[in-house]
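Visitor: Please show me the model, and then let us go through it by question and answer.

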Amino acid sequence: MMSPFYNPVRIFTGRDSSQQFAEAVEKDFSQADPILVLTRGNGVHRHSRLQPIMARVENKTVRLLELDISNPDIADIVKIKAEVESFDYRMILAIGGGSVMDTAKALSAMKTIPASDENTIRRAMEDKLYTATNEMVPWVGIPTTSGTGSEVTCWATIWDKAFGKKYSITDERLYAKAAVIIPELTSSVPLKTSVFTALDALCHATEAYWSLHTNPVTRVYALEAIKKITVFLPKLKDNPEAAAVREQLAMASLYAGLAFSNTRTTACHSISYPLTLLHGMEHGLAASYTLGAVLKRNAPGIAELDRLLEAFGVQHVEEVEPFIFDLYRQYHVPTPLREYGVSFQNVQHIVQRAYTKGRMDNNPTEITAEALTEILTEMI
Ligand SMILES: [Fe+2]
């Protein structure tokens, strides 16, 4: 049975998104005080487009933390929780990429969980103790990268490098109260980061389209996101600051986020986790690395495959993998897996850790360990 599409996030877009949201802060979030502002640093909160919001926020008690983290780890959460322990925040404003927004979600879900040590947080995530809390702190996402879609999903990824694991904090109450889309904020992001985040969004959209939990509304968003990314991502290198390209990629990321907010991801993301944990591959690169190979295997199980291929601008399933690998080359991203330390000897370590519950079993076609070994071996 197909599930209904649901997403409760208020989304502010367009030239005056910042102004619109600033007015909403005044009207609808008047009780939200004090506010914890998390940013990705480098003074992004001083960006001119954010000033209508910052001016409203500054009327309240504010604590601003510039975070310097990518892929938030349990250790990061413990450290930040210690820093804000005496600050009784009632709202979190997250201005950053997926790492900043996922940190905001962790601080929202686990505000009342004392975090003197990493084991407390580890247990809270393993046993989902945060779901018992009455109070999840409302948060607002202002993405500064175009890719994660975290501003419209209700889960966060927290890594546990000490134990070689990753956790997902999931709760319907973790949807942002609002998402404010300001494409200009993404212009100062390094080009490679922009490429990897766009590839991440491409996977979110494609995986949402073929997911076992797909639905007709999700699929409209997914196709639109794929069309925009395949057209505009190759153009980014010619002029990385072009406002029109940035705007298209920001909207594509939002649509991809809306698409997979209802389905979650599938085989490609599942396979990406050990590629990131064991071989340090950036998330968007690791996720997109097997997109073409998985598409070839999934093809017979994908409804309306022709529309998916059309969105990619290709006629045959075999053309998607070369399209993605060509993008890597255009952006000088090494393509063979051996460049990331993967060898015929250690490929099994990846295979063994590639089967995340809720991801691999959300794929329309079974990818056996043998099939995955074959896929990865071909790429060494
Ligand atoms: Fe992702």
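**Metal site and domains**

Guide: The iron ion is coordinated at 2.2 Å by Asp200 (OD), His204 (NE2), His269 (NE2) and His283 (NE2), where donors are N, O and S atoms within 2.8 Å of the metal (3.2 Å for Na, K and Ca), and water is not among the atoms, so sites may look incomplete. This is a predicted model, in which local features need pLDDT of at least 70 and side-chain atom pairs count only at pLDDT 80 or more, while totals for chains, interfaces and linings use all residues. Residues are numbered from 1 along each chain as its sequence is written, and side-chain values use heavy atoms, with hydrogens and water left out.

Visitor: Is His283 buried or exposed, or in between?

Guide: Buried means under 20% relative accessible area, exposed over 50%, and partly exposed in between (1.4 Å probe, protein chains only). His269 is buried, with a relative accessible area of 3%. Because its relative accessible area is 22%, His283 is partly exposed.

Visitor: How many salt bridges does the rule find across the interface of domain 1 and domain 2?

Guide: The protein is divided into domain 1 (10-184) and domain 2 (190-379), with bounds that come from an automatic or database domain assignment. Between them the two domains bury about 1,900 Å², 67% of it on carbon and sulfur atoms, buried area being the accessible area (1.4 Å probe) that two parts lose on being put together, summed over both. With a salt bridge defined as a side-chain nitrogen of Lys or Arg within 4 Å of a carboxyl oxygen of Asp or Glu, the number found across the interface of domain 1 and domain 2 is zero.
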